[in-house]
Structure formats: structure tokens, C-alpha cells
Amino acid sequence: MMTSDERTAVLEDEQLILSDSGEIPEIAYHATLYFLTEDAQGPKMNLSQKEICLLQDAALGRYQEIVLRDITSENRDQSIYRGVRRTLYNWERMQAFCARIKRDCSSFRSRVRHSFLAFFQQEVADVASGRRKSVVNCSAEMIDEFCLQLGLDTDCLPENWQNVCKPG
């Protein structure tokens, strides 16, 4: 039988793994659930709803991190940068994960909207001034669809924002 301290330590370890889980946190989340509850090498725990929520929070935190990573101007020249298209994919994955686990993650939308606007303002300014080539690796149509999902009118984007996008 596992002590309360041992249980807490195991769950904290798994939360840490989830918070650094790579590009598809949902897969890590399900692997964690399997390890904790069913794996012959695992602790075979019966998780409470609160414990499941803590693990979901860790996976959602990772999703949020990777969504914001590629719409953060300071990351454009870093090896971690994957491009705006990856943000769009990770946003869709996160939305689907939230739907599957029946969690509302709409409060994150405003933070993404703010980061996306700031990113595009910086990108358009940098490209227009000749300081850099565009790193936007998706079409204006994809950006338009993402704005729709964020509840963001494209009129809020800087003038000539389409110029930094890849041709459709």
C-alpha cells in the first residue's frame, strides 16, 4: 500500500513529465494515466477526480506553452521555434483535447489573441523595414480562419499583414 507522501510524489513526478511532454501533450496524458492505473510496472493507482484534474491541468499547461511558443516574437530565431502554422495545429489539438476531457479552456483564448496580435505587429514591422524575412509559414486564409476561432477581427491586424503570409 502506498503512503500519502509516496502517492503525492508519484503524482508530482507525472505532472512534471506532462509539463515537459513535447508536441502532443494528450498522448503523454494518456500514457501517464495508463502507467499510473494499469501498467504492470506502474503503481496501479485508483485516481480521484481531483488527481485526474491535476494531470489534465499539467497537459493543458503544456499545450498553452507550445501554442504561445510560436507566436512569441522573441522565439523566432530560437531552435525551439516551429512557425505560426504549428500554433494553429496546436491550438486545434488543444481545443479537441478540452472537448474530449470536457474542460473549458476559453479563458486562454484572450491570452492567445493578445500574443497573436503582438506577434503579427512585430512581424509586419520587421519585414516592412527589411530587418528580416517573414517566418509566417501559413497562408492568409489560414490566418483568417485562426482569427475567426479566436474571435478576432482581421481588421485588428496591422495593415498589409497578408504580405508576410505564404501564398495560398
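These legends walk through a few close-up views of the structure.

The model is predicted, so to speak of local features a pLDDT of at least 70 is needed, side-chain atom pairs count only at pLDDT 80 or more, and totals for chains, interfaces and linings use all residues. Residues are numbered from 1 along each chain as its sequence is written, and side-chain values use heavy atoms, with hydrogens and water left out.

**View 1. Helix α5 spans residues 107-128.** Helices here are DSSP runs of H or I with at least four residues, numbered from the N terminus. With its 22 residues, α5 reaches 33 Å from its first C-alpha to its last, close to the 32 Å expected at 1.5 Å a residue. That expected span is 1.5 Å times one less than the number of residues. Just after α5, look for Gly130, which takes a positive phi of about 85°.

**View 2. Here are the buried residues of α5 and what covers them.** Buried means under 20% relative accessible area, exposed means over 50%, and partly exposed is in between (1.4 Å probe, protein chains only). Among the buried residues of α5 are Phe108, Val112, Ser115, Leu117, Glu123 and Asp126. Their cover includes α3 (49-69), α4 (84-100) and α6 (140-150).

**View 3. Glu26 sits in helix α2, residues 25-37.** Is Glu26 buried or exposed? Glu26 counts as buried because its relative accessibility is 12%. Leaving aside residues up to four places away in sequence, Glu26 touches Tyr63, Phe97 and Arg100. A contact means heavy atoms within 4.5 Å.

**View 4. Trp91 and Phe146 make one of the eight aromatic pairs in the structure.** A pair of aromatic rings is described by the distance of the centres and the angle of the planes. Rings of Phe, Tyr and Trp (its six-membered ring) pair if their centres lie within 6.5 Å; planes under 30 degrees apart count as stacked, over 60 as edge-to-face and the rest as tilted. Trp91 and Phe146 are edge-to-face, at 6.1 Å centre to centre with 80° between the planes. This pair links distant parts of the chain, with Trp91 in helix α4 and Phe146 in helix α6, 55 residues apart. Trp91 is buried at a relative accessible area of 1%, and Phe146 is buried at 1% too.

**View 5. Phe116 and Phe120 form a tilted pair.** Their rings are 5.0 Å centre to centre, with 50° between the planes. Both residues lie in helix α5, four residues apart, or about one turn of the helix. Zoom out and you'll find one aromatic cluster formed by Trp91, Phe108, Phe116, Phe119, Phe120, Phe146 and Trp161.

Conventions: Helix = DSSP H or I, 4+ residues; strand = E, 2+ residues; numbered from the N terminus.
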